[in-house]
Amino acid sequence: MAARATFVYLASLAAGATILAHALYFLLIGDHISSATSFPLGLPWLSMNLRIDALSAWFLLVVNLGASAAAVYGLGYGPHCDEPDRILPFFPVYLAAMNLVLLADDAFVFLLAWEVMSLASWLLVLANHRQPGNARAAFLYLVMAVLGTACLSLAFGILSGFEGGYRFADIRGLRTEGWSGAIALALVILGTGSKAGLVPMHAWLPLAHPAAPSHVSALMSGVMTKVAIYALMRMLFDLAGPIGWGWGALLMGLGGLSAVMGILYALMQRDLKVLLAYSTIENIGVIAIGLGLALIFRANGLLPLAALALAASLFHVLNHALMKSLLFFVVGAVQVATATTDMERLGGLIHRLPRTGVLALVGAVAISSLPPFNGFVSEWLTLQAVLNAPSLPQWVLKFGVPVAGVLLALSAALAAACFVNAYGISFLGRPRSPEAASAEEVESTMVGVMAYLAGLCLLIGLLPTFVLIMLNPAVERLLGVPFPTIADGVSADEFLYLSPLGLGRSSYSGLIVLAVVSIVTAAVILGVRRRAVRQPRRTAAWDCGFPDPSPATQYTASSFAQPLRRVFGTVVFRARERVDMPEPGQLRPAQFTLRLVDPAWQVFYAPVQALVTALADRLNVLQFLTIRRYLVFMFAALIVLLLAVAFAK
Amino acid sequence: MRSLLADILLQVIQLVLVLALAPALTGLVRKMKARLLGRRGASIVQPYRDLAKLLRKELVLAHNASWLYRLAPYLGFALIWLAASLVPTFTTRLPLSPAADLIALVALLGSARFLLALAGMDVGTSFGGIGSSREMMIASLAEPAMLMVIFTVALFIHSTSIPSIAEFVLANPVGIRVSFAMALISLIMVAIAETGRIPVDNPATHLELTMVHEAMVLEYSGRHLALIEAGAMMRLLFYISMIAGVFVPWGLAPAGAPTASILIGLGAYLAKIVTGGVLLAVFEVSIAKMRVFRVSEFLGGALLLGLLGTILLYVSQSF
């Protein structure tokens, strides 16, 4: 059994690493000319078309970085799962389907791969099907996945027109404008946005992503959402041709909403995996803000700024894949060590899991977009795109762009609060349960993968220009112009400083910041310690003179979030706190209950559900007809379709 | 070669200057507040004595304090020190200043706060938790307001690097602009919140339930506490220098200026921070501390002012 698992994970690693190497070659050394192949498979009149171009190469890089890391992590983590064999068959299928989505060059292959990706991940979500709640999460996920695929097939149907040219080259040549074009684009945003987790289509994501085993959660949150972003970019930037600024504004608005709502919701959680899933919604929002800005700038003819915004988005795609994989791996390690992901049963893990503790800190700092790690670089680039927006002719955007900037800053600041909470409650303080007090460090394969991802987070934060060079072909492929400073070679200065619009205007250098901070810290430590009288004395905590030995007197995750819940929660989530204090003399414990409502359920899901239920009730009659009636229906359907075709011609 | 040496020399002077002046500024504010309240107050050099005393005192650690708790004061201090020495104080010619623009400077302070907030939770006491939680709430409300200020400035000057902003304001008479005035008020409100002054937080309080920053660092002692205190002092100096550098850059020695103008720059800078410190003291004695949950309204006001400033600028540009 163990040998089978080893084989599956090693084979996945080998495949992932091979594709990764190819994508790297394509982006760095190759001449960026897309190459296509087709196989005589699939529909009779349509062979299977595959193509790799700069955009798909960039996403192949991101996907396979995450996939190969997850495969190695699976070697260590897999045996700790409840039923490891339920993961093995679907894991490679899932990875292959994600790669195929990126390589598809016609609508049929794309939709087929998309659906296989959804179904394989659905089966992986069901791997822990015995835990309560997971079956419902998986069902909701399946419904949303089917809905998403339905939207995308309709969108492709409209985009490819009546001639039915399903190859991407045919779709590109066809301009769909007016109402049908608008419907197609709305369906694209609905279909890909629901998979990526854009608000208000997000409500399934924090249920389904945490239900899977941790290395699959990392793939779903870190990687599959990026495949959805790829689909969105492929359609909006490439296949749909030039589209109006309104779509950019819509995407920016949804992105801003996702960023703030996602991270606010993450703050209110006490389960680490659910918290990470909500944080994914935030990061998808940040990516969507960049994409929206790029569309807005492109529609207004500001191509260099559009390139900056698009590059910021693509950069964040890579960063989020790395950070989120790292953090899900950390939570997997915590789960292996303590058998829980509930923060309020953890605490003090920095002493028990010393190596994981350091790597978790790297992940937490990086995802809070703080220097010198990678999260800050993409956040900074997105902010530069916002800050350098000139006065746009559209009035909505005059107000909208600054507001998007505010939402971006708010989400970054809230993310810092959220991850201080997550790290502080679970890794610092005193253990809140016997499991946390007796946790043991996890095996070195898992630590090794986490260290590799943490190292990449730091390296990218220090040398972001290297990443910009790699993603530049994708920017050029979509907009026709390169990233502003990379147009004519890269000087040594530009490797040191990130300055998209010239050194005088704005610049940042993670390398110099880290170097100076390290030197200064070392100097301060030496200088201060030299004067130190003696060794530090260890004693009980001070706590204003009344330390209480019970770990229950520590701050909890929900008490940490209380000030922010009070500021935002009552409006956004209709948070209701109820304290049930017993009368004097009664001996029962006091109780505190907190209720949060995700408005997406009421605004988006409840109407859809009501509609589906109502339709199903009406159509239920059709199941009990005679054979003659059914034949009449078939005939009528034929007539209607023929008429439709006749009128459309 | 000479110019490179001069650059490095100026940067070193700046590093030493902010470190040397920060306690004096805090001492000045305390002295002024005491005088305004009718007390004599401690000498301006008292903060230096306090820091020297703390550095000499024994270090007491809780049993379960981790390496993070011991590293945070040093790293936090270094981050704030770096940020403070990248803001032009007496000259715009600082070789390190391209390493971080306004956004990155704010983020550097954010990193320092992140570390200290974590350290506050390390020992596992309820006071540490309450301090960290409130500090992070205030920061997450202040940061968007700060960004709106940066937005207003960047929209007008097309730059987020402080030396360029200062040189632009020096070279072009900006005149009195309503949107800049709004941005200035907004920035002052943010600075008050970020440095933990009245009415948001009270640096002198030791009443448990009203503490924010003090509660977070309650467990610290000895040299660790000295570094945290020095960091807080430097944070105050950073914000006053930044407001001075962006909104009143007059007197700053531009790049390639002779020695005389550098001396003028030093004099002007001293005058500016003395003015800033006196104004802060007057403001602090004339207002009462607000409840923690009123802070969101205070900073929401700052955010709206910033937003209004940006929108006014857009409107005035389009006509």
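What is the volume of the largest cavity? The largest cavity has a volume of about 290 Å³. This is a predicted model, in which local features need pLDDT of at least 70, side-chain atom pairs count only at pLDDT 80 or more, and totals for chains, interfaces and linings use all residues. Residues are numbered from 1 along each chain as its sequence is written, chains are lettered from A and ligands numbered from 1 in the order in which they are written, and side-chain values use heavy atoms, with hydrogens and water left out.

**Largest cavity**
- A cavity is a set of points on a 1 Å grid over the protein atoms alone where a 1.4 Å probe fits but cannot get out, and lining residues have an atom within 4 Å of a point.
- The lining of the largest cavity comprises 24 residues, and those closest to its centre are Ser369(A), Ala412(A), Val106(B), Ala107(B) and Glu143(B).
- Helix 5 of chain B provides the largest share of this lining, 7 residues.

**Second largest cavity**
- The volume of the second largest cavity is about 130 Å³.
- Its lining has 14 residues, with Leu272(A), Leu327(A), Val330(A), Ala422(A) and Phe427(A) nearest the centre.
- Helix 16 of chain A contributes the most to this lining, with 5 residues.

**Ser179(B)**
- Ser179(B) belongs to helix 7 (residues 178-194) of chain B; helices are DSSP runs of H or I with at least four residues, numbered from the N terminus.
- Ser179(B) is buried, at a relative accessible area of 4% (buried means under 20%, with a 1.4 Å probe and protein chains only).

Terms used: Helices (H or I, at least four residues) and strands (E, at least two) are DSSP runs, numbered from the N terminus. Buried means under 20% relative accessible area, exposed over 50%, partly exposed in between (1.4 Å probe, protein chains only). On a 1 Å grid over the protein atoms alone, a cavity is a set of points where a 1.4 Å probe fits but cannot get out, and a pocket is an open set with protein on both sides within 12 Å along at least five of seven lines; lining residues have an atom within 4 Å of a point. Grid points are joined across faces, edges and corners, and a volume is the space filled by probe spheres set on the points.
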